[in-house]
Amino acid sequence: MRTRFAAPVRALAMLCLSVVGIGVAVLVVASAALMLVGVGRYVFPSAVSLLRRVTDAARWLAGRVGVEIERPYGPETGAVALLKARTTWRDVLWAVLEPIIGTWAAALALGMPLYGVYGVAVQPFVWQANARAGGANAYGVIHVTSTATALAAIPVGLALIALGLYIGPKLLRLRARWTGALLGPSRTTALEHRVETLVETRSDSVDAQAAELRRIERDLHDGAQARLVAVGMGLGNAERLFDEDPAAARELLAVAREASAKALDELRDLVRGVHPPVLADRGLADAIRALALDSLLDVDVSAELPGRPTPPVESAVYFAVNELLANTSKHAGAVAVRVALDYRNGVLTCDVVDDGGGGADPARGTGLRGIHSRLAVFDGTIAIHSPLGGPTRIRLEVPCAIRSA
Amino acid sequence: MRDQVRVVVAEDLFLIRDGLVRMLTEHGFTVVAAVDNGPALRRALAEDRPDVAVVDVRLPPTFTDEGLQAAIHARRQRPGFPVLVLSQYVEQLYARELLADGAGAVGYLLKDRVSNTGQFIDAVESVAGGGIAMDPQVVAKLLTRGDARGRTAELSPREREVLSLIAAGRSNAAIAHQLTISASAVTKHIAGIFGKLHLPESEDDNRRVLAVLAYLHR
């Protein structure tokens, strides 16, 4: 209901904006021309940034009626770069075409309710004065010449208000969509952005994998491998001492057995860090339940998955949740945590909500950044809502396919 | 007496399977089948009707938790059928699933524990007799969890030791020997544990352990 009554106001805002827009667009074009004589170099960037403020407002308005438009701008700030940027000229094009193509929608959304109000609340009081002044008294097709015709105009006015309010939001959405066609990223810009993201996440993921392999190599080298060497040496010495000093040999064997147990412990920890057994055995939901049982917090896990995501996605989400639970028990001062897994419309979501003190800052600590880059490989995201005083709500989203079980 | 205990062994690595069979036979058990994959294990459990099964969690063909699933399935068919599960890892989740039916006669040990022959054979015997043999790692984690929830904070260090040893499948006599205390002192400690955790008393040792484990798992 609110959107219906807000529609005429928004329509008015859009109309004002397009008037401002055309003025600023003229300014941009003029200062671009001034580039030829040099002065433009200093004026042009400000003119473009002014235009961008206008288009930002248009995007915001479009967002209010339900059409989200992404900002397509790149990092360019210099006059020449801005002059070459396609987005600059698409903005100008929008500002010029907007009044021509877009205005009727806003005008209808605003005009119909206004005209309706005129017919219902104003006309009955002013038609006589109007008639005396010699003005033409018509309300739509009704020629108002008497109280009866003035009253007859009232239902027509009411119908116009209702119709205007009813189609207003639809008209504005239609208009916003065409705004989006010019002010949103074009196919080329969208692809450019995509390539940038891919290059970035690819190099992040390669770096992370290389670091992981180095860590595994180091752990094996300093841990299990060294211990197995010690076991071998101990066994060799025991073999040598077997006949002459059985007691010493037995002691060496006991030490060797202990070292082999330690080596196994270390290998176990290592494997758990690479690919946890429950995740391999049962998949994400049970693996997170296993995490919950290992955690010292009270973790409640609910999962509604129709099957299993691909192993890399499972692994990324698992380690993300692992990290989040570790963070929670370290920093949040929380007692209970809820973890909810869900899969809808091709997106795997995982909500982690605690009852702690909040104030989690993604800029601090490498953990949250690590999760971000882990998920980014799959175009996944992490959203953190953690006001001071808590609670902290974290949502992971990963678009993925699920093999049904 | 042990030669009347018929054992099925399921383990996919030949070296370990062979070692297990040797060890069990040497200690007087009768190994009726030694298999290396899940379907063969299910067949052996159904056809040979053993008294106890020693099962590796991860088995071919899926190399997931095939062995565990077969064990749980067998216990559903024959409630209280003794199963000793071995694994390279102990998972609280799997321990909970094995204990869930409350029927006892369950063991869950790290494979490394096999290297201590005496304790391993004790564990098989205890499980075959309807007892419990939980890996010290499982119990240690349960106790830390209990501590974090303020449930086990009141237990004295001695009571913790006793609890861990019972859960690991030691008899009262073995515990008394290991801790060099008297058997009556062990009984007293057990009563103490139950009092502090507000659990109902019971005469049956096995029931008592299950009650404690279930309580800590909650």
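Reader: How many residues of strand β4 (residues 83-87) of chain B are buried?

Author: The model is predicted. A residue counts as buried if 20 or more other C-beta atoms lie within 10 Å of its own. By that criterion β4(B) is mostly covered, and the number of its five residues that are buried is five.

Reader: Which residues of β4(B) are buried on the one side, and which on the other?

Author: In a regular strand the side chains alternate between the two faces of the sheet. Both faces of β4(B) are covered. One side holds B:Val83, B:Val85 and B:Ser87, and the other holds B:Leu84 and B:Leu86.

Reader: Which residue of β4(B) is the bridge partner of B:Val54?

Author: Strand β3 (residues 52-56) of chain B runs parallel to β4(B), and four bridges join the two. These strands also form a right-handed β-α-β unit with helix α3 (residues 66-77) of chain B. The bridge partner of B:Val54 is B:Leu84.

Reader: Which residue in β5(B) stands opposite B:Ser87?

Author: β4(B) pairs with strand β5 (residues 106-110) of chain B in the parallel sense, over five bridges. Opposite B:Ser87 stands B:Leu110.

Reader: How many residues of the side of chain A that touches chain B are charged?

Author: The contact takes 15 residues from chain A and 14 residues from chain B. On the chain A side, α7 (246-274), α8 (277-282) and α9 (284-294) each supply at least two residues. The residues of that side divide into eight nonpolar and no polar, and the charged ones number seven.

Key: Residues numbered from 1 in each chain as written. Chains lettered and ligands numbered in written order. Predicted model: local features only at pLDDT ≥ 70, side-chain atom pairs only at ≥ 80, totals over all residues. Buried ≥ 20, exposed ≤ 12 C-beta atoms within 10 Å, placed from the backbone. Pairing = 2+ DSSP bridges. Right-handed = clockwise from strand over helix to strand, strands pointing away. Contact = placed C-beta atoms within 7 Å. Nonpolar A, V, L, I, M, F, W, Y, C, P; charged D, E, K, R; others polar.
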